[in-house]
Amino acid sequence: MIQFAKHIVQTYGISEPLAQTLCACFVKGDTPYYCSEYIPAVAAEMESDQVWDIFEFLREADRLPPKKKRLISILQKDGKLTNALQQRIDVCTDPFELDDLLLPLRPNPRSKAQLALKKGLGDLAAALVCQQDKGLDLPGRAGALVGTEASLKSAEDVLAGVKDILAERFAYDETVRAMTRDFVLEDGFFEISVRHKTDEMFAEYAGKQLPIAQCSKEQILSFLSAEEQKRIRCKISVQLFRITELLRHHCIVDPDAAGFDLICEAIDESWLRLLQPIVERDVKERLARTCVQWALKTMAADLRAALPTASEPRTMVIAGVFENTALVMVACNNEGRLIGATQEKITPGKSAQPTDRLRQFITRHRPAATIVLDNSQNAEIEALLGALLGGGATLKRIKAIPADAGLAASPWVMQHCANCDDNIRLLYAVSLRETPPLQIVSEIGTSFFTIHPLQVYLTEAQTTAVIRRIRGVAALQRGILPADFFNAVERLFTTLSADCLKQNPAKTLPAPLTAKDNILSIAGMTEALFRNVAGFVVIPDAPNPLDRTLMHPDHFEWINSLAQECRISA
């Protein structure tokens, strides 16, 4: 990964030693959590988000080796691999560039150009591409090839085959492909075709040319998402005369050379038949990647700002009547966890009266908010809750929606409420929808909640990863207590902790921790996991005061030396 350091320097504007340090950390399996807090140079010079962005880039780069290996193997087999090309492939971070290098080496054997080459038209095409022979007798050379193959019945057939060869050569030119992609990104436009005229969201764009450069990232995401859902056809186009002028400027060396008109026709065909579909696909992929990265950053910043700070526990109680015979109450805390439930039979037509069970439930949980499930018995239930809660209590009515039933039947709710009946699970689902908790939404699944407006353009995995990241940073800032050690490493250091969790299925410490170094004695503990987690572990009753802090054990010696120099205790 060290070969990507220069690219990181240019892209993220950091020093090369810092980029090399992050590359080395990635190879060792370190996490952004650790790097952001405990590598001095990184912690002093970089924001946490920037570290996460660089690690995401390195993860993407780490997916390219199979494609690079195949390309190098083909180049070696064809005897075309040079040291310069090998180095270029090693530092390449763009999958499109690798595809551009690979395509000419393995052309489609059934393409028009390859079939024309098999007919012996390659030499004439090569003579035209060189554009060095102004006296080339093109009609004569074409006439000489008539009849050499059954399908070459006239000079027009020969020239058509030559044009196919030229068109493919232009389309397979890696510089042409890169150049046209960049041009389309800068000067291209969207053409939206709405599948249903009643689709008001996109009807206003129908029949218009929307310049890509002037569209917002959210707008681009909406177009691409709608096309994936088959609501619209989102075509990317450019003005034909401008793109062909660009290609001619690149491909034509001498306008006075023989075959100029044929070369121009080949350039037009190269764009319309070969380049345009590929470039449109590549540009859409690049736009999607760029806009998704923007959406993830925006969502992370917004959710981080909205993340509740540590506060006193607060309880919400929600009550509902089912089938006119059962009053059900559930209580959940401000982390979205179900902490209590009760039921009481009621008689239809009679006013519900406070019972000892209901009083004990309300007294035990002391709700900060109380909600009533909207139905025909609202007035009676509100009167009952008013008597239980005392004067001045504020009640809120909400209706159950179909999505609540889906959430109540979800695997997560079924697992965590296995001993509860359907009514309790439904009320719990309503409470979660009323106050979607970031603390558990990544466990339940984001499809049940509206966490952020940009969520509709992201996959559930992407949204979940953002939530877990900001929750992880917030949790580690508070520290990991010994009692929560295994749950924390499973949640935050999933890859590094696999072996440790496997050897400790009960998730209990073999002995009480008295120092951070004791973590090394846990079965399955690796050097990488210890390095990444040790600093975040806080042992409140440790003899060494440094073990009671978020200080990393690697820095204890430095802190003690500094304390001695200053003649103070650590």
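This is a predicted model: local features need pLDDT of at least 70, side-chain atom pairs count only at pLDDT 80 or more; totals for chains, interfaces and linings use all residues.
Glu285 is partly exposed, with a relative accessible area of 39%.

Residues are numbered from 1 along each chain as its sequence is written, and side-chain values use heavy atoms, with hydrogens and water left out.

## Charged partners in helices

Glu285 has a charged partner: Arg289 forms a salt bridge with Glu285. A salt bridge here is a side-chain nitrogen of Lys or Arg within 4 Å of a carboxyl oxygen of Asp or Glu. Why can these two side chains reach each other? Arg289 and Glu285 are 4 residues apart in helix 17 (residues 260-306), so about one helical turn separates them. Helices and strands are DSSP runs, numbered from the N terminus: helices are H or I with at least four residues, and strands are E with at least two.

The whole structure contains 35 salt bridges. Here are three of them, with the N to O distance for each:

| Salt bridge | Distance (N to O) |
|---|---|
| Arg59 and Glu56 | 3.3 Å |
| Arg289 and Glu285 | 3.5 Å |
| Arg531 and Glu527 | 3.8 Å |

Arg59 and Glu56 are 3 residues apart in helix 5 (residues 48-61), which puts about one helical turn between them. Arg59 is partly exposed at 30%, and Glu56 is partly exposed too, at 33% relative accessibility.

In helix 27 (residues 527-533), Arg531 and Glu527 are 4 residues apart, again about one helical turn. Is each of these two residues buried or exposed? Arg531 is buried, with a relative accessible area of 12%, whereas Glu527 is exposed at 64%. Salt bridges can also share partners: Asp100, Arg177, Arg181, Arg281 and Asp282 are joined into one network in this way.

## A sheet of five strands

Now let us turn to a sheet. Strands of a sheet pair through backbone hydrogen bonds, either parallel or antiparallel. In this text, two strands pair if DSSP finds at least two bridges between them. In what order do the 5 strands of the open sheet lie? The order is 6-5-4-7-8, and the pairing is mixed. Strand 6 (338-345) and strand 8 (395-398) are the edge strands, each pairing on one side only. On average, neighbouring strands of this sheet are turned by 20 degrees against each other, direction ignored. Axes are lines fitted to C-alpha atoms, for helices over the stretch in contact, and angles run from 0 to 180 degrees between N-to-C directions.

Strand 4 (residues 315-322) and strand 5 (residues 326-333) run antiparallel and are joined by 8 bridges. Among the facing residues, Gly320 has Val328 as its bridge partner, and Thr315 stands opposite Asn333. The two strands form a hairpin with 3 residues between them, and Glu323 in the turn has a positive phi of about 55 degrees.

Strand 5 also runs antiparallel to strand 6, with 7 bridges joining them. One of the pairings is that of Met329 with Thr342. This hairpin has 4 residues between the strands, and its Gly336 takes a positive phi near 80 degrees. Strand 5 is largely enclosed by the rest of the structure, because 7 of its 8 residues are buried.

Helix 18 (residues 356-365) lies across strand 4, strand 5 and strand 6, running at about 160 degrees to strand 6. Helix 22 (residues 422-434) lies across strand 4, strand 5, strand 6, strand 7 (369-373) and strand 8, at about 135 degrees to strand 4.

## Aromatic pairs

Rings of Phe, Tyr and Trp (its six-membered ring) pair if their centres lie within 6.5 Å; planes under 30 degrees apart count as stacked, over 60 as edge-to-face and the rest as tilted. By this rule there are 11 aromatic pairs. Tyr38 and Phe536 have ring centres 5.0 Å apart and planes at 65 degrees, so this pair is edge-to-face. It links distant parts of the chain, 498 residues apart: Tyr38 is in helix 3 (residues 32-38) and Phe536 in the loop between helix 27 and helix 28 (556-566). Tyr38 is buried at 8% relative accessibility, and Phe536 is buried at 3%.

Phe190 and Phe223 also form an edge-to-face pair, 5.5 Å centre to centre with 70 degrees between the planes. Phe190 lies in strand 1 (residues 189-194) and Phe223 in helix 15 (residues 217-228), so the pair ties together parts 33 residues apart in sequence. Both Phe190 and Phe223 are buried, and together with Phe202 and Tyr205 they form one aromatic cluster.

Key:
Contact means heavy atoms within 4.5 Å. Buried means under 20% relative accessible area, exposed over 50%, partly exposed in between (1.4 Å probe, protein chains only).
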